[in-house]
Amino acid sequence: MGLARDAARGSKRGDRPMNEMTGRGGAAQRQREVDVLVVGMGFAGMYVLHCLRQRGLTGRAFEAGSDVGGTWYWNRYPGCRVDVDSVQYSYNFSDMLTRDWQWTERFASQPELLRYANHVADRFDLRRDAKFDTRVVSAEFDGGTNLWTLRTDKGDVASAPYCVMATGSLSTPYRPPFPGIEDFRGEWHHTGAWPHEEVRFGGKRVGVVGTGSTGIQAIPVIAAEAAHLTVFQRTPQYTTPARNRPMAPGEQRAFNVRRAQWHDEVRDTFTAMTGFPAPTRTVRDDTPEERRAYFEKRWEEGGMPQAMLTTYENINIDREANAAVADFVRDKIREIVKDPEVAERLCPPEDLPIGSKRPPIDTDYYETYNRDNVSLVDLGCTPIERVTAGGIKTADGEHGLDVIVFATGFDAMTGSLLAIDIRTSDGASLKDAWSDGPDTYLGLMVAGLPNLFMINGPGSPSVKTNMIIAIEQHADWIMDLIGHLAARGLNRVEATERAQAAWVAHACEVADATLMPVADSWYVGANVPGKKRVYMPYFGGFGRYRGICDEIAADGYRGFVLSRAGAAEATAGVAAE
């Protein structure tokens, strides 16, 4: 267990007020050195700050938003909620926090998740070490001083030996470059940067562009209010019912009684979640009728995305097994949607494996297409040509709209990092390092960029897991490494090119053995024109990944060079390959 959970260690140096940086904006601040700089104050950044204090270290964080919350601060679109059981999508570092907070729904909504983030920030007084409404624009490492220096759009300059990028995997909205947006007379919004003010749809003609996770959540809610909703579907998506419900009395208390046991169990799971046991049978072990009955049972139970993907073994690998699940979902679409033509347009093609795109869960998504005020436009047949003053023009004509909602996703995994000019004083830069795709060692570091850590970076399980558990694992591991360096009088760590190349090769081999890279998904960057096609998450599973990280640490941080800045060469801290 990481030292972040051991409040008895270290001094209280991290609890000192940092008056120079407190606040949510303001004039440029002068440079001042702390132990660790943190970029982002979502769930990752908040936990990193907490960990630093428990270690007796000082930290300073910068956040582009006006408050904590990260993805739950920016994503305020109608219907936004988490797709992991709320009791599992919770921090685990504090028994007090666990006792204090009570979730109201099985899958918490965005407002409740944001209240939770604020509760955590209040409970641990995390805001005093952060500056809000401040976007980091550059980060430079000086090899001579062994310091990272951040510069912000407010003129702040801050330095520290270590820097942690807690910028989020899904935090840079991607807006397709449709011509004519500036001509549109109505209002338009992106789901990933939703306004804080209420957006009203009553009596209006609304268009939603995109049917990924955000679109699937927003469409039923908007349809219930709008005079008419036109859905512009780029690619049909598999989605399964959430079966969300209020938390039953005593349900969370019963879970919390065994939370420690659950936390031990979840460490060895594939997705850092429990609820659906690993399958023990193949599709060939059951008759078609038996498979259908089992699928129906799971469909009715609903729940987390893996509900259908853990019915049988090897669904992510075996085409026949995958097709059995995909065929069932397509049959459910045809069963639910009354118009056969619309139903067929909503059915994903047979060459698209289920799970190869992010598998959403929904509430009445397919049922929404039975409403008289909802129409579906298949952009595969009639692509968007431009936005006009009065709506959206596709190949088959103009669709008059008062409001456009772009549910077009994110420049995932790499966008928020590449938006910052990250470089070293000797000329190395992250942009150059990732010109042919995001190479990392463990998704934690990039060779050539010493003392720079990422939380849930490309090459780690990240978006294929319960993100809270993944965040805690990464932050604890980073804190242990910094403590390891300090205990040995060292202050620099860098991933080796050899170790990085081996990890990238391993991650590619794992992904290529599955059906996951087949789809043109944001997992491979296919939603952003010009982005190098690479399957970015590590698909070996959270339990396997955590074990590898622990083994590397136990072996003296194999694959990393540990040294003392200014030494002619690495000292006794050099890790073996």
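Here are a few friendly notes on this predicted model, to read with the structure open.

1. Start with a pair of helices. Helix α1 covers residues 43-54 and helix α15 covers residues 467-487; their axes come within 10 Å and cross at roughly 35 degrees. The crossing of α1 past α15 is right-handed. On the α1 side, the contact is made by Phe-43, Ala-44, Tyr-47, Val-48, Cys-51 and Leu-52. On the α15 side, look for Ile-468, Ile-471, Glu-472, Ala-475, Asp-476 and Met-479. Sorted by class, this contact has 10 nonpolar residues, two charged ones and no polar ones.

2. Next, the interior. Nonpolar side chains in soluble globular proteins tend to be buried together. In this model, the largest nonpolar core has 142 residues. Phe-43, Tyr-91, Tyr-369, Leu-442 and Phe-560 are those with the most contacts inside this core. Helix α15 gives the most to the core, with 10 residues. Another core lies apart from it and has 22 residues, including Val-34, Ala-139, Leu-417 and Leu-430.

3. Tyr-369 is worth a click. Setting aside neighbours within four places in sequence, Tyr-369 is in contact with Thr-211, Ile-219, Val-231, Val-337, Val-342, Leu-346, Val-374 and Leu-376.

4. Finally, is Arg-267 buried, exposed or partly exposed? Arg-267 counts as partly exposed because its relative accessibility is 32%, which falls between the 20% and 50% limits. You will find Arg-267 in the loop between α7 (259-266) and α8 (288-301). Not counting residues up to four places away in sequence, Arg-267 touches Phe-542, Gly-543, Arg-546 and Asp-550. From Arg-267 to Ile-333 the separation is 66 residues in sequence and 35 Å in space, C-alpha to C-alpha.

How values were computed
Residues numbered from 1 in each chain as written. Predicted model: local features only at pLDDT ≥ 70, side-chain atom pairs only at ≥ 80, totals over all residues. Heavy atoms only, no water. Axes fitted to C-alpha atoms, helices over the stretch in contact; angles between N-to-C directions. Helix = DSSP H or I, 4+ residues; strand = E, 2+ residues; numbered from the N terminus. Left-handed = near helix turned anticlockwise from the far one by under 90°. Contact = heavy atoms within 4.5 Å. Nonpolar A, V, L, I, M, F, W, Y, C, P; charged D, E, K, R; others polar. Buried < 20%, exposed > 50% of the residue type's maximum accessible area, 1.4 Å probe, protein only. Core = buried A, V, L, I, M, F, W, Y, C linked by side-chain atoms within 4.5 Å.
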